[in-house]
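Here is a short report on side-chain packing. Keep the sequence and the model side by side as you read.

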Amino acid sequence: MRGKKFAALALCLAAGLSLLSCGKPKTSMDIKYKVSDYVTLYKNYRNLKVTISGDYTTESALQQMLDNAGSYVRDDSQTTVAEDSIVNVDYVGKLDGTAFDGGTAKDQNIDVKNNCAAGSGSAYIDGFTSGLVGAQVGSTVDCPVTFPENYSSSNLAGKAAVFTFTVNYICKKVDMDSLTDDFVKEKFNLNSVDELKKSAKSQAESNKKSDTRTAVTEKLVKDSKIKYPKNLLSMRLKEYEDRFKDQYASGSSLKDYLKKNYNMSVDDFESQIKSTLKENLNTELVLEAVADKEGIKLDQKGYKEYIDNLMKNNSLSSKEDLYKLVAPDSKSGEAYLKKMYVDQKACDFCVEHATVSVE
């Protein structure tokens, strides 16, 4: 599990900066090659047939937005806490009758059945919510618990405690029928239900577009034949290691840092990183081949919009800051992002000419 957690961390060092995200360039940008010598494109790249699966309706996206926001409202039709209730409570935790730091909270929505904060999935200690079942709205309930021996707070580990709950009300999930403008203003900082629905429609369209692009690039890579220009993969790996060390392991060796924080070797690290770098390079080379075949070039207006969007998403005020974020100097950063922009246009071309089925 630690290896997977590590990979997720390591491979998101520059998330959102480009179509391919990882393997940022230094000297690898200096490797010159003719892409047609290394990529044999799938013969039907102009008419790809792909299938995506998902519910891309506005209603589905809206419900997902509500679920992600943990959106609940008071349900006055319910007065008794059931095993599967979501209940709003205040609580105070006490050791030997004295409230302890961190044990008090107000206006908390709790999932009784799953013993967790509503919508979180991260469980409380055993028994935390067990005494709430059958409680009446407005009542006070004591729930005795024992903290685990390995609990993170040493002053609580292994200790018996009592949590006193005040049951404020029982909740129900907000659905489209119970949405109000006031609720939308409070939870989403939008002015109305109509604005939220427009946002959900945009999200649904974005989800479909993203899934389509993924399906198209996966089909392209799967059915094309790809070789790597000499030294390109090894140089990308070295560059990635250097950037990782600069950002996370400065002041110690990569070996010591990985052992201490992830209990993994440099070989394991390189194996995980190389796998993702290969996926990125496969996509990069195939899209570069499409651009070469179709004569897709960089256009300054579109590139400016691309750069402006990256700057906005990464809260940067200048192109130079963006270029230096993805490479050791402004010149190589600009060259890399220009290449990524053309690759993105090549992907757009394939998407526009693809036949997409939704199942």
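Which residues are buried in helix 2 (residues 58–68)? The model is a predicted one. In helix 2, the buried residues are Ala61, Leu62, Met65 and Leu66.

## One face of helix 2

Look down the axis of helix 2. Its buried residues fall within an arc of 140°, so they line one face of the helix. The general rule behind such patterns is simple. An α-helix has 3.6 residues a turn, so residues three or four places apart point the same way.

What covers this face? The cover over the buried residues of helix 2 includes helix 3 (181–188) and helix 4 (193–223).

## Helix 4 against helix 7

Helix 4 also takes part in another contact, with helix 7 (residues 266–294). Two packed helices are described by the angle between their axes and the distance between the axes. Here the axes of helix 4 and helix 7 come within 10 Å and cross at roughly 90°. Helix 4 is therefore roughly perpendicular to helix 7.

Which side chains belong to this contact? Helix 4 brings Thr217, Leu220 and Val221. They meet Asn282, Thr283, Val286, Leu287 and Val290 of helix 7. By class, the contact has five nonpolar residues, three polar ones and no charged ones.

## Aromatic pairs around Tyr91

How many aromatic pairs does a search of the whole structure find? The count is 18. One of them joins Tyr91 and Phe163. Their ring centres lie 5.8 Å apart, with the planes at 75°. Planes over 60 degrees apart count as edge-to-face, so the pair is edge-to-face. Tyr91 lies in strand 4 (residues 86–95) and Phe163 in strand 8 (residues 160–173). The pair therefore ties together parts that are 72 residues apart in sequence.

Tyr91 also pairs with Phe165. This pair is tilted, at 5.6 Å centre to centre and 55° between the planes. Phe165 lies in strand 8 and Tyr91 in strand 4, so this pair ties together parts that are 74 residues apart in sequence.

Tyr91, Phe163 and Phe165 belong to one aromatic cluster.

How values were computed:
Residues are numbered from 1 along each chain as its sequence is written. This is a predicted model: local features need pLDDT of at least 70, side-chain atom pairs count only at pLDDT 80 or more; totals for chains, interfaces and linings use all residues. Side-chain values use heavy atoms; hydrogens and water are left out. Rings of Phe, Tyr and Trp (its six-membered ring) pair if their centres lie within 6.5 Å; planes under 30 degrees apart count as stacked, over 60 as edge-to-face and the rest as tilted. Helices (H or I, at least four residues) and strands (E, at least two) are DSSP runs, numbered from the N terminus. Buried means under 20% relative accessible area, exposed over 50%, partly exposed in between (1.4 Å probe, protein chains only). The arc is that of the directions from the helix axis to the C-beta atoms. Contact means heavy atoms within 4.5 Å. Axes are lines fitted to C-alpha atoms, for helices over the stretch in contact, and angles run from 0 to 180 degrees between N-to-C directions. Angles under 35 degrees count as roughly parallel, over 145 as roughly antiparallel, 65 to 115 as roughly perpendicular and the rest as oblique. Ala, Val, Leu, Ile, Met, Phe, Trp, Tyr, Cys and Pro count as nonpolar, Asp, Glu, Lys and Arg as charged, and the others, Gly among them, as polar.
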